[in-house]
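I opened the model and kept notes as I went. Entries follow in the order I looked things up.

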Amino acid sequence: MKAAQEGLAPNHCRKHVEHRARHGSYWLNTYTAAELKPYLTAANAYVRLLAAKDKFIAAAIAGLRTTLDEAGPVEIATRLKGMSAAKRAKIALARLRVAQVEPERILCIVLAVTALAESNGHRPREFRTVQFAKAVHRLASGTGWVSSKKRAYPRSTGQVLRVMGRLLEKPCELVLERHLPGVLAYRQRFGRQPKLS
């Protein structure tokens, strides 16, 4: 860190600082697809059940659609170097729009990540924000070329994840406040999962 002229972390070693940049926590790891799956199944079922009649869910879906529509143009992954975190986050959202990822799916991911974090007592807001971004980023993260059959992936780390997570969380805040207990109750129908560390 000193060699990179980024200063010294007051309480943590370089390994932990890099871990936080990548995962949103000094100690917690990113949720795997297997850990998230039962919560995502519950969130999907819950949102489908209420989507047509709940104004908060409808508003969140509309807000997410607007966020994707206003993200701007897509840039290939190899041209992102030197861009600001905000610009790179918008490009990642634009990539989701081009991949035709539905706002309902993003809302379900935000609900599922929050439900999983709540179930495991992972309360730090930064961790949850990064987990939203990482889970959604997986849906359309790379840029490929048909002729060379190669794909380039931007690094899923740093301030970009925090900006992207906040952009995804903002339209969903009222849904999280009002429907998280319902998703957690609905999750019980899919069986219990061992508590994560």
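Is G158 buried or exposed? I found G158 buried, at a relative accessible area of 18%. Cut-offs: buried is under 20% relative accessible area, exposed is over 50%, and partly exposed lies in between (1.4 Å probe, protein chains only).

Ground rules next. This is a predicted model, where local features need pLDDT of at least 70, side-chain atom pairs count only at pLDDT 80 or more, and totals for chains, interfaces and linings use all residues. Residues are numbered from 1 along each chain as its sequence is written, and side-chain values use heavy atoms, with hydrogens and water left out.

**Entry: G158.** I placed G158 in the loop between β2 (150–152) and α7 (159–169). Helices (H or I, at least four residues) and strands (E, at least two) are DSSP runs, numbered from the N terminus. I also checked G158 against V130: the two are 28 residues apart in sequence, and their C-alpha atoms are 9.1 Å apart in space.

**Entry: helix α8.** I compared the span of α8 (residues 173–187) with expectation. Its 15 residues should span 21 Å at 1.5 Å a residue, and the end C-alpha atoms are 20 Å apart, which agrees. The expected span is 1.5 Å times one less than the number of residues.

Where does α8 bend? I found a bend of about 55° at H179, with a proline, P181, following within four residues. The bend is the angle between axes fitted to the seven residues ending there and the seven starting there.

I listed the buried residues of α8: V175, L176, H179, L180, G182, V183, Y186 and R187. They pack against α2 (33–50), α3 (55–69), α5 (103–119) and α7. Contact here means heavy atoms within 4.5 Å.

**Entry: rings.** How many aromatic pairs does a search of the whole structure find? I got two. Rings of Phe, Tyr and Trp (its six-membered ring) pair if their centres lie within 6.5 Å; planes under 30 degrees apart are stacked, over 60 edge-to-face, the rest tilted.

Y31 and F127 pair edge-to-face, 5.3 Å centre to centre, with 85° between the planes. Y31 sits in the loop between α1 (14–23) and α2, F127 in helix α6 (residues 125–137), 96 residues apart. Y31 is buried at 4% relative accessibility, and F127 is buried at 0%.

Y46 and Y186 have ring centres 6.1 Å apart and planes at 75°, so this pair is edge-to-face. The pair links helix α2 to helix α8, 140 residues apart. Y46 is buried at 11%; Y186 is buried at 18%.
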